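Hello,

Here is the structure I promised to pass on. Please open it first, then read my notes below.

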Amino acid sequence: MARPHTVLAGGTDFYPARVGGAIEEDVLDIGGIPILRGISCVSAGWRLGATTTWSELLEADLPPLFDGLKQAAREVGGRQIQNAGTLAGNLCNASPAADGVPCLLALDAEIEIASSTATRRVRLDQFITGVRRTSLAPGELVTAIHVPKPAQEARSAFLKLGARRYLVISIAMAAATLEIAGGRVANARIAVGACSAVAQRLPALEAALRDAPLDGHLADRVERSHLASLTPIDDIRGSATYRSDSTVVLLRRLLAGFVP
Ligand SMILES: Cc1cc2nc3c(=O)[nH]c(=O)nc-3n(C[C@H](O)[C@H](O)[C@H](O)COP(=O)(O)OP(=O)(O)OC[C@H]3O[C@@H](n4cnc5c(N)ncnc54)[C@H](O)[C@@H]3O)c2cc1C
């Protein structure tokens, strides 16, 4: 039986994790496989190829549904990192602070996975199972990320808090996708990252936003109790209390940006 290989895409997480040590594992570089790259619009939504880079996402002609993911792309490292780092690499690395995860949770993304014998799809909230852990089995590869077309006109947004404005690991971040119909929120998907082992949707806040008028007062609907499922930690970047307080502020600012 073939030995398992470690997949290499842009290498921007892979190499920093191996500084000071020899690379002894077998590595499969997927960066040159054309079918894994690029964004296409299909009848059910959009297919984002696994090795699509953050820069390619930024250049793509996409509807306002993707504004939040594009905002995250602008904040993933600097230009060199955005040119090399890939969307699937960000998910497969499964860092609690991965900026793409809350945005793609708020987009209801599904992950397309292939092995030499089968392909399958799994919802993103079931794909990342813990810190640096995913549901990928040995011999499996992420081939694409699928974003479904929302039932209504939809917009998204993303905000990140770091110790400085750019080139920084998130202390907390929040992403929102709102579907709008008749001047009201028909559907809301809100996710928070860096405040639990795996980024999470906030169903209680989503319920509080449903059917709310888009009158510039959505921020008033955010309550601390909506964050009850989060488990922020104390670390060198911030205390748990600071993370919780900041998340409330981030969510309110994010929602205040949704105006008619
Ligand atoms: C200076 C610097 C700044 C950074 N800033 C940020 C930041 O602000 N925000 C942020 O979220 N991240 C940041 N990162 C992390 C990194 O750039 C991103 O997570 C990037 O998207 C990773 O993609 P990659 O293609 O480089 O992944 P790689 O390093 O190639 O791979 C990462 C992991 O995923 C696995 N993998 C990759 N692709 C696949 C696949 N298709 N199928 C299965 N497994 C796969 C690899 O085996 C590896 O374990 C930064 C990194 C650096 C070095």
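Helix H8 covers residues 240-256, which makes 17 residues. From its first C-alpha to its last it reaches 24 Å, close to the 24 Å expected (1.5 Å times one less than its number of residues). Helices (H or I, at least four residues) and strands (E, at least two) are DSSP runs, numbered from the N terminus.

Before going on: this is a predicted model, where local features need pLDDT of at least 70 and side-chain atom pairs count only at pLDDT 80 or more, while totals for chains, interfaces and linings use all residues. Residues are numbered from 1 along each chain as its sequence is written, and side-chain values use heavy atoms, with hydrogens and water left out.

Back to H8. Its buried residues include Ala240, Arg243, Thr247, Leu251 and Leu254. Buried means under 20% relative accessible area, exposed over 50%, and partly exposed in between (1.4 Å probe, protein chains only). An α-helix has 3.6 residues a turn, so residues three or four places apart point the same way. Among the elements that cover the buried residues of H8 are strand E10 (153-161), strand E11 (172-181) and helix H7 (203-209).

Next, the segment after H8. Val259 lies there and is partly exposed, at a relative accessible area of 38%. Leaving aside neighbours within four places in sequence, Val259 is in contact (heavy atoms within 4.5 Å) with Arg155, Leu214 and Gly216. Arg120 is 139 residues away along the chain from Val259, and their C-alpha atoms are separated by 38 Å.

Now the aromatic rings. How many aromatic pairs does a search of the whole structure find? It finds 2. Rings of Phe, Tyr and Trp (its six-membered ring) pair if their centres lie within 6.5 Å; planes under 30 degrees apart count as stacked, over 60 as edge-to-face and the rest as tilted.

- Phe14 and Tyr15 are edge-to-face, at 5.0 Å centre to centre and 85° between the planes. Phe14 is buried at 10% relative accessibility. Tyr15 is partly exposed at 42%.
- Trp46 and Phe66 have ring centres 5.2 Å apart and planes at 80°, so this pair is edge-to-face. Trp46 lies in strand E4 and Phe66 in the loop between helix H1 and helix H2, so the pair ties together parts 20 residues apart in sequence. Trp46 counts as buried at 10% relative accessibility, and Phe66 counts as buried at 0%.

Val27 is partly exposed, at 33%.

Best wishes
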